[in-house]
Amino acid sequence: MTQKNIVVIGAGFAGVYATKRLAKKFKKDPDVTITLIDKHSYFTYMTELHEIAADRVDENAIQYDLQRLFCRRKNVKLVTDEVTTIDRENQLVKTKHGAYPYDYVMLGIGSEPNDFGTPGVKEHGFTLGSWEQAIQLKEHVRDVVRRGSVEHDPEKRKSLLSIVVVGSGFTGTETIGELRDWRESLAKEFKLDPEELTFTLMEMAPTIMNMLDRSDADKAEKYMIKRGIKVMKNTGVVGVHDDYVDLKDGSTYPTSTLIWTAGVKATSQAANFKLTQGRAGRIVVNSHMQSVDDDKVYVVGDVSFFDGNSDRGEPQIVQGAEASVQTALDNITKQMNGQTPDVDYKASYSGFMVSLGSRYGVANLMGFMHLSGFFAMLMKHLVNMLYFIQIYSGYYLFQYFMHEFFRTRNDRNLMRGHISRQGNVLWAVPARIFLGAMWLVDCAYKVSGKESWFIDKLRLPFTWLQPAATSGASAAGADATSAASGGGADAAATAASTAKQVFSLSYQYGKDPMAVFNVMPDWMASVTKIFIPNQQVAFFMQKSMTVIEILIGLALIAGLFTWVAGGMSVAFTVIFCLSGMFYWVNIWMIPMALATMNGSGRAFGLDKWVVPYLQKTFGKWWYGKPQALYGNDAK
């Protein structure tokens with residue numbers, strides 16, 4: 001095969017998904033190069049913009065650096081530049097700073113809000129079509145609430161503290177729900193009565209959320225009303241001003257914050273490519289996802305318009321984008337192999353999910369499964385995480401999980417803040433140090449004194465490990481050891497008895513403590529028979545585990561790798577329990593170890609410096625250094 005260049009324009013859902021799939025498809029073909037061009041050096045998770053606008057997650061939580069996504073894909077070139085046109089005659093993708101030859105183009109430049117020319121929206125309203133717009137909206141909301149909190153004029157105050165969202169599609173309902181979640185913390189910050197902050201959803205149609213089944217939409221509407229959101233149906237906005245809006249019925253509505261989410265269209269950039277455009281400026285394609293003007297130009301995602309199933313085109317959602325990419329990929333592969341591209345687009349929509357804040361949502365899966373509340377939100381998170389699996393990004397899957405569940409503020413996550421790490425970890429420091437000291441106390445007797453294995457290496461020094469209440473067990477252990485020396489005891493029983501002593505702890509409290517397990521479970525005995533088959537291995541295991549216990553204790557006291565040390569504490573304690581030589585009076589070690597895993601090493605511990613250093617060092621080694629600009633090899 002001669003050298004083939006595939007250029008992907010746009011690093012949105014469709015573009016990133018396409019580039020990942022192409023890179024994997026042709027990873028063993030050195031003659032195929034994929035170039036991804038976008039004006040940003042990052043991919044924005046557009047469906048979660050409302051979380052940024054309402055200050056649920058950090059501003060960078062939905063930004064994913066392209067180099068971290070593609071650093072291990074040697075056949076992918078990243079270019080940060082703005083595409084100006086496609087020179088189809090010379091097969092060049094032209095940018096502001098260069099040009100890139102192509103054999104095939106996959107155009108996925110997405111969509112943008114459509115205000116339908118409504119007067120005043122551009123001047124006085126807000127849209128939610130980019131990361132920058134989400135930041136702008138968040139700053140504006142904080143500003144008007146601050147100003148409203150100190151405004152004496154009742155009419156101006158009402159306008160400043162009134163937030164209106166126009167449009168009840170996915171973006172509109174998720175935005176109003178998320179902003180309502182922000183109300184309490186905003187009110188507290190600016191010393192307001194929360195009831196003064198009002199939220200209104202306006203919809204021109206007689207019903208809201210018309211992309212859902214009516215039963216699901218009705219549940220969502222009831223939830224919004226219960227939360228104090230005013231739902232105004234049959235309400236058209238015909239003009240937007242600085243502190244009020246004009247309604248279709250001739251009345252006005254006071255607000256200094258009008259968020260327009262009533263429609264989307266192809267990005268204005270689509271007109272630059274001189275390709276046939278259809279409804280809402282989307283580029284017309286055939287059933288193979290090829291532009292009707294050029295079979296070397298494939299158009300995918302929101303910007304494509306295929307009317308084979310509906311005269312309105314396919315829904316502009318992530319599932320549709322993925323289906324269009326897969327169709328284009330299959331047909332490009334056929335063309336590269338000298339075959340006729342004949343794979344038709346097939347719509348595949350497994351369901352719809354809408355969140356109404358951080359803790360409630362509605363979902364319709366596979367057309368028959370209806371969920372609401374906790375389970376709907378859980379499913380939405382799982383679907384979001386599935387995308388990262390589909391683009392093979394374990395790093396950002398982990399980051400999504402952390403941002404959504406562990407780094408949120410003000411209890412604004414699915415678990416109502418119970419698992420958030422934003423709490424003060426200072427109070428876990430005493431538990432961390434105490435637990436570490438207990439490991440060292442236990443080991444002190446094992447490495448010093450006449451019974452230690454440093455002094456007496458010729459016999460197992462297990463007798464000192466046994467409390468008086470378990471003298472029978474000690475005798476059994478001694479008998480087993482003696483039998484092993486004589487070669488007449490059963491190997492499994494010997495291994496189990498030996499392991500039971502290896503895995504024992506030295507400190508016991510109270511009188512006649514009760515063992516967690518009186519005898520070692522049979523399956524544990526079988527395992528120990530494999531790993532501890534004789535007395536020599538038992539010696540080695542005892543020494544090794546003592547060293548590990550010392551390291552765990554030192555790590556906990558120093559606050560170094562606390563998460564690992566706490567996890568190992570739990571694991572060792574569980575092993576000790578199963579050995580039949582651990583007592584209920586010491587079971588506190590498990591919950592205490594779990595408590596130390598919540599980042600306690602970041603307070604008065606080495607983790608405060610070591611972990612960020614390692615993250616930075618290994619991140620740079622594995623992913624390279626993220627840049628604001630990629631690509632300098634334009635033709």
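Which strands does helix 8 (residues 214–226) lie across? Helix 8 lies across strand 12 and strand 13, running at about 130° to strand 13. Angles run from 0 to 180 degrees between N-to-C directions, with axes fitted to C-alpha atoms, for helices over the stretch in contact. Helices (H or I, at least four residues) and strands (E, at least two) are DSSP runs, numbered from the N terminus.

This is a predicted model, in which local features need pLDDT of at least 70, side-chain atom pairs count only at pLDDT 80 or more, and totals for chains, interfaces and linings use all residues. Residues are numbered from 1 along each chain as its sequence is written, and side-chain values use heavy atoms, with hydrogens and water left out.

**Confidence**
- The chain has a mean pLDDT (the predictor's confidence in each residue, from 0 to 100) of 88, and 89% of its residues reach 70 or more.
- Residues 454–489 have pLDDT below 50.
- Where pLDDT is low, the predicted coordinates should not be read in detail.

- Four strands form an open sheet in the order 13-12-11-17, with parallel pairing (at least two DSSP bridges between two strands).
- Strand 13 (229–232) and strand 17 (257–260) are at the edges, each with a single partner strand, so one side of each has no neighbour in the sheet.
- Strand 12 (residues 198–202) and strand 13 are joined by 4 bridges; leucine 201 has valine 231 as its bridge partner in strand 13.

**Residues**
- Threonine 562, in helix 17 (residues 562–578), is buried at 1% relative accessible area (buried is under 20%, exposed over 50%, partly exposed in between; 1.4 Å probe, protein chains only).
- Cysteine 577 is buried at 6%.

Conventions
Contact = heavy atoms within 4.5 Å.
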